[in-house]
Amino acid sequence: MSARVKWRRFVSNFMLTLTGLCALVCVSVLFLILGYLVFNGGTSINWAFFTQLPKPVGEAGGGMANAIVGSAKLLLAASLFGVPIGFLGGIYLAEFSGGAVASVVRYAADLLNGVPSIVIGIFAYSMVVLPFRHFSTFAGAFALGLMMIPITLRSTEEFLNGVPRYLREGAMALGASKWKTIASVVVPAAYRGILTAILLALARVAGETAPLLFTAFGNRYWSQGWGQPTASLPVMIFTYAVSPYEDWHRQAWAAGLVLLGLILIINILARTILSRGIAVPRS
Amino acid sequence: MATSGTTLPNAGPVTGSRSFLSRLRDGDEIARLITMVFAATVVLITLLLVYELWTNSALARAKFGLHFFVTQVWDPVIDQYGALPFMYGTLVTSAVALFIAVPLGIGAAIFLAELAPPRISDTLQFFIDLLAAVPSVIYGLLGVFIVVPLMRTVIFPGLNKPLGFLPFFKGPSYGVGFLTAGIVLAIMVIPYIISVSREVLLSVPRDQREAALALGSTRWESTWNVVVPFAKTGILGSIFLALARALGETMAVTMVIGNVPTISASLFSPGDSIASVIANQFTEATGDLYLQSLVALGLVLFLMTFILNGLARLLIVVTTQRGSGVPT
């Protein structure tokens, strides 16, 4: 074996090891983040965190019960707004669309998906907050719902397109109309995928902070209703983390752990739903 | 089936089945129209977004015009607003982020696509996907409590002592600043680079690799001289995508950049970015011109990400299609 071949072998092995190291570093970041959060959050989390309201500024103790409920309300309202538009729009794209209209819708959805979240916040502010002259839970939910639309739309379309043609033809051959075929055969066949997509969309907006800053705003008490500002976990983490109080830092860690735990659980759940079993029985 | 099922009109009378069919057609039309309305809503919302950004920044655009982009002053007291320091901050932090994220991300993608056995590759990709799901405020939290102290105690002395003669690494350091924001951003965009690049690399036809190996090249030579050039445009697309993410990222940057509108060559200097200034000042903006200047910044950000995302999508589509277009 000549020296040149040896050298080339060495370079090859060296570079390949290097790429392996890159992958290792990138993946270990996840475990670093998780470990740090579990360590810092785990030591600061307690029962009061889930059950109590924030204490007045400077006073130690208290919890984030209002932010947890606020986040849940925001996500619920956001889903009620974003999921139907994305889902039905996706059905249109996959089943009824004709050329030009469909590509315009697709383009708009991709554009919306790429809009920075802070700009979505500005939009929600001018659409909902300004006309009502009030920061509100609705405005926050509107912003989050907007971000759910493109994800739900494109993945509904994708999963519907993945349903084999013979299922449609079978239903049609039995005399079912087109919408009946869609409602009772195509959508049920793709429901795992669509459900996954909705869950992932939910997980994504659950951690969004920027669009809530000037829509749902924040609140140190229970929100008085849908038309009133509300606290939310991500905004609380932000406010507490940049504050100068030691006890607020502790609570920011606890909130971070709760939020990340929730998001990762939804993600893992969604991905197992998708991977377990094939949505459509293969013949 | 002996029973006369209503949905089995195979032997039904012609007249009956015709009215039945037309009723069905009506149902189809209704379903089509309803879903179309929802699909059209998406287009409407997008148009409305652009319209709102445009009209709500009219005052600022009329008053400052193109000077908005070259003015350094941002002073609510004298009602004078310029975007330059924020654009500088956004660009510098994103550049730092790409400088770190691109080599690491592409290296990892090469490993995942070319080397790792499928099972390991899929498992690692799963973790990368989870990493992409971590919300930005969590990155910000870790940035504030890990990267900022690390910057003060390790990174700043480590770079300032040997490289302090360069303008980029001049002191002092407060922990927060362009470099800190760039590092946090890098960690955030790496998953995007890896996921897209891996996919593009995997779409390179198998015979390209086999041909290179058959000619006697080593594994690395076949990867670096054949596979990577083949996937070049797609990888570039993944970088554009990451850049678009980095430009628009708000929370993590806001928490570690320092929020002082400065233009300084030193990466240790605190600064500000477009997204951060909007996040910090929007709720306290009094006066129409102040608010509209912030919206104008939002418009700038929107246009930047719009162009980059479009380019990225084009590049990725071109490469993956080229991969599948070659007969295997």
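Mentor: A salt bridge is taken here as a side-chain nitrogen of Lys or Arg within 4 Å of a carboxyl oxygen of Asp or Glu. The model is predicted, so local features need pLDDT of at least 70 and side-chain atom pairs count only at pLDDT 80 or more, while totals for chains, interfaces and linings use all residues. Residues are numbered from 1 along each chain as its sequence is written, chains are lettered from A and ligands numbered from 1 in the order in which they are written, and side-chain values use heavy atoms, with hydrogens and water left out.

By the salt-bridge rule, B:Arg313 pairs with A:Asp110, their closest N and O atoms lying 3.9 Å apart. Because B:Arg313 belongs to helix 12 (residues 288–325) of chain B and A:Asp110 to helix 4 (residues 100–114) of chain A, this pair joins two chains; helices here are DSSP runs of H or I with at least four residues, numbered from the N terminus. B:Arg313 is partly exposed, at a relative accessible area of 29%, where buried means under 20%, exposed over 50% and partly exposed in between, with a 1.4 Å probe and protein chains only.

A:Glu157 is buried, with a relative accessible area of 5%, whereas A:Arg154 counts as partly exposed at 27%.

Turning to the interface as a whole, three salt bridges are found across chain B and chain A, and the side chains of B:Glu221 and A:Arg8 also meet in a salt bridge, at 2.8 Å from N to O. The contact (heavy atoms within 4.5 Å) takes 77 residues from chain B and 79 residues from chain A. Together the chains bury about 6,800 Å², 82% of it on carbon and sulfur atoms; buried area is the accessible area, by a 1.4 Å probe, that two parts lose on being put together, summed over both. On the chain B side, B:Val42, B:Phe145 and B:Trp220 lose the most area to chain A, together 9% of what that side buries.
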